[in-house]
Amino acid sequence: MVPAFIDQALRGEPMTIFGDGSQTRSFCYVADLVDGLYRLMLSEERYPVNLGNPDEMTIGEFAERIRFLAGSASPIVYRPLPEDDPKRRRPDISKARRLLGWEPACALEDGLRLTLDSFRVARD
């Protein structure tokens with residue numbers, strides 16, 4: 001969804017949301033995720049540890065945020081929601097905090113700005 005929204009916004013194309021946009025997701029910047037994976041690799045933990053960002057937002061809010069940061073006038077269009085699409089995604093990172101001393105450090109807007117910049121460079 002992130003690359004699709006950014007690409008659509010930068011091209012001025014309609015941004016496609018599947019469903020009514022009320023389903024939630026959590027977004028974690030890749031550098032934060034790599035840091036968590038690195039800490040996990042160095043740890044003695046052998047069982048699953050959730051990594052991600054516990055701050056959730058609706059897909060509609062997320063699309064609006066990207067559109068704003070991209071300075072785009074792209075319309076937002078809605079398509080049917082796939083049957084198996086989850087309504088909510090929010091990781092519990094309490095184990096990562098406790099065992100790894102890890103939590104995401106990059107704010108959503110900062111990560112989106114960096115990602116938008118990399119998309120712009122790739123387009124040039």
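User: Which residues of helix 5 are buried?

Analyst: In this predicted model, Gly111, Leu112, Thr115 and Leu116 are the buried residues of helix 5. Buried here stands for under 20% relative accessible area.

User: What covers the buried residues of helix 5?

Analyst: The cover includes helix 1 (2-11) and helix 3 (59-70).

User: How many residues does helix 5 have, and what span does it reach?

Analyst: A helix is judged against 1.5 Å a residue. Helix 5, residues 108-123, has 16 residues and reaches 22 Å from first to last C-alpha, close to the expected 22 Å.

User: What pattern does the protein follow along the sequence?

Analyst: The order of elements is α-β-β-α-β-α-β-α-α, built from five helices and four strands.

User: What share of contacts joins residues at least 24 apart?

Analyst: Among contacts between residues at least 6 apart in sequence, that share is 88%.

User: What fraction of the protein is buried, and what does its accessible surface come to?

Analyst: Of the 124 residues, 37% are buried. The accessible surface is about 7700 Å², with 52% of that belonging to carbon and sulfur atoms. The C-alpha atoms fill a box of roughly 50 × 35 × 15 Å along the principal axes.

User: How far apart are the mean positions of the positive and negative charges?

Analyst: For the 17 positive and 20 negative charges, the mean positions are 1 Å apart.

Terms used:
Residues are numbered from 1 along each chain as its sequence is written. This is a predicted model: local features need pLDDT of at least 70, side-chain atom pairs count only at pLDDT 80 or more; totals for chains, interfaces and linings use all residues. Side-chain values use heavy atoms; hydrogens and water are left out. Helices (H or I, at least four residues) and strands (E, at least two) are DSSP runs, numbered from the N terminus. The expected span of a helix is 1.5 Å times one less than its number of residues. Buried means under 20% relative accessible area, exposed over 50%, partly exposed in between (1.4 Å probe, protein chains only). Contact means heavy atoms within 4.5 Å. Accessible areas come from the Shrake-Rupley method with a 1.4 Å probe; for residues, only the protein chains shown count as cover. Lys and Arg count as positive and Asp and Glu as negative; His and the chain ends are not counted. The place of a charge is taken as NZ of Lys, CZ of Arg, CG of Asp or CD of Glu.
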